[in-house]
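Colleague: Please take one part of this model and go through it closely. Then place that part in the rest of the chain.

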Amino acid sequence: MSFQPRSEGLLMSRLHQRTSASFLSPVILLTLLLSSLASGQTNFEHPGYEVDPQRQTTGIGKFYMGREISFVMGHQAAAWLNRPDRIEQEQPDQVVENMNLQADHVVADIGAGSGYFSFRIAAKVPDGRVLAVDIQQEMLDLIDQQQAQRGVSNIEGVLGEIDDPKLPAESIDAAIMVDAYHEFSHPFEMMAGITQALRPGGRVFLLEYRGEDPDVPIRPLHKMTEEQVVKELSIFGLEWTDTLDFLPWQHMMIFTKPE
Ligand SMILES: C[S@@+](CC[C@H](N)C(=O)[O-])C[C@H]1O[C@@H](n2cnc3c(N)ncnc32)[C@H](O)[C@@H]1O
């Protein structure tokens, strides 16, 4: 299922950065530079966003590295995240098993929603904790309610911002994003924050519906190709370590922050 070796992916990413940057107006470039300086994210080169109503399809009309960003799923649809057939479709227990976590790990579940993965991860890190990050307080409230009902105490809700996961530097062993990254309105700032929050050797698990596969019955902007994910994450110096393809509809991609 891999499309090319990792090193070529990195090269492609660098080329793409240069190409997309050359189309940006000085005003947009200046805005990006200022926002980058303001957020202290000077280590990573911002590839730029484009807002183009002409190209808008079913997303927000904002493009990142050639991809249109999706709308955020509202908390009103939280019950859909817990639908019974999701067990078969997304095999959450096998996903968490494949994270190979240690009992004391600190894991950030970014875009945690109703905690569908947070609770499964919490059971694997009894001496550690899960930081359930979401931008919707209503989602964090759902997680809190369930914690009380289930007697779980190692999940901490973190109210993030659209451009900041609100995680301290080098504080997490792993970050997981399931069906969430494609709807981040500021993917560059989010990934910069996540990369900084990872300890050296820490891992990112990114799960998205397979964009290459027309048989996956999900709307296009809610899918991502492996190639696109590698392109977007490589700019942070993360190493694409593996892609596990045991899931019926999704890629489980693993990236590692160098030691
Ligand atoms: C489709 S839901 C998936 C929830 C969960 N990961 C799951 O698999 O059940 C996506 C979640 O990402 C959250 N989200 C969107 N943008 C975000 C951001 N910038 N930071 C954190 N969470 C975000 C949304 O609020 C929503 O709860």
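Modeller: Three strands form an open sheet in the order β1-β2-β3, and their pairing is antiparallel. The edges are taken by β1 (49-51) and β3, each with a single partner strand, so one side of each has no neighbour in the sheet. Strands here are DSSP runs of E with at least two residues, helices are runs of H or I with at least four, and both are numbered from the N terminus. Two strands count as paired if DSSP finds at least two bridges between them.

Some conventions before going on. This is a predicted model, in which local features need pLDDT of at least 70 and side-chain atom pairs count only at pLDDT 80 or more, while totals for chains, interfaces and linings use all residues. Residues are numbered from 1 along each chain as its sequence is written.

Within the sheet, β1 and β2 are joined by 3 bridges in the antiparallel sense, and E50 has F63 in β2 as its bridge partner. The loop between β2 and β3 holds M65. M65 is not a glycine, yet its phi is positive, at about 50 degrees. Most residues other than glycine have a negative phi. M65 counts as partly exposed because it has 18 C-beta neighbours inside 10 Å; the cut-offs are 20 or more other C-beta atoms within 10 Å for buried, 12 or fewer for exposed, and anything in between for partly exposed, with C-beta atoms placed from the backbone. Another positive phi in a residue other than glycine belongs to Q91, near 40 degrees. Q91 sits in the loop between α4 (86-90) and α5 (92-97), and it too is partly exposed because it has 18 C-beta neighbours inside 10 Å.

Because S70 has 21 C-beta neighbours inside 10 Å, it counts as buried. Leaving aside residues up to four places away in sequence, S70 is in contact (C-beta atoms, placed from the backbone, within 7 Å) with G59, H182, E183, L221 and H222. Its C-alpha atom lies 9.4 Å from that of Y181, 111 residues apart along the chain. V72 lies in the loop between β3 and α3 as well. V72 has 16 C-beta neighbours inside 10 Å, so it counts as partly exposed.

The sheet also meets a helix: β2 (62-64) is one of the elements against which the buried residues of α8 pack. The others are β4 (106-110), β7 (172-178), β8 (198-210) and α9 (226-234). Helix α8 (residues 187-197) is largely enclosed by the rest of the structure, because 10 of its 11 residues are buried. Among them are F188, M190, M191 and I194.

Together, β7, α8 and β8 make a right-handed β-α-β unit, meaning that, with the strands pointing away from the viewer, the path from the first strand over the helix to the second runs clockwise. β7 and β8 are parallel and share 6 bridges, with I176 opposite F205 in β8. On β4, D109 has I176 in β7 as its bridge partner; β4 and β7 also run parallel, joined by 3 bridges. With 6 of its 7 residues buried, β7 is largely enclosed by the rest of the structure.

I176 and F205 return in the largest nonpolar core, where they belong to the group touching the most other members, along with V107, A108, I172, A175 and M177. That core has 56 residues; a nonpolar core is a set of buried Ala, Val, Leu, Ile, Met, Phe, Trp, Tyr and Cys residues joined through C-beta atoms within 7 Å. Beyond four places in sequence, V107 touches L101, I121, V125, V130, I172, D173, A174 and I176.

As for the whole, the protein has 9 helices and 11 strands, and 38% of its 259 residues are buried. Of the contacts with a separation of 6 or more, 68% are between residues 24 or more positions apart.

Technical notes: Two residues are in contact if their C-beta atoms, placed from the backbone, lie within 7 Å.
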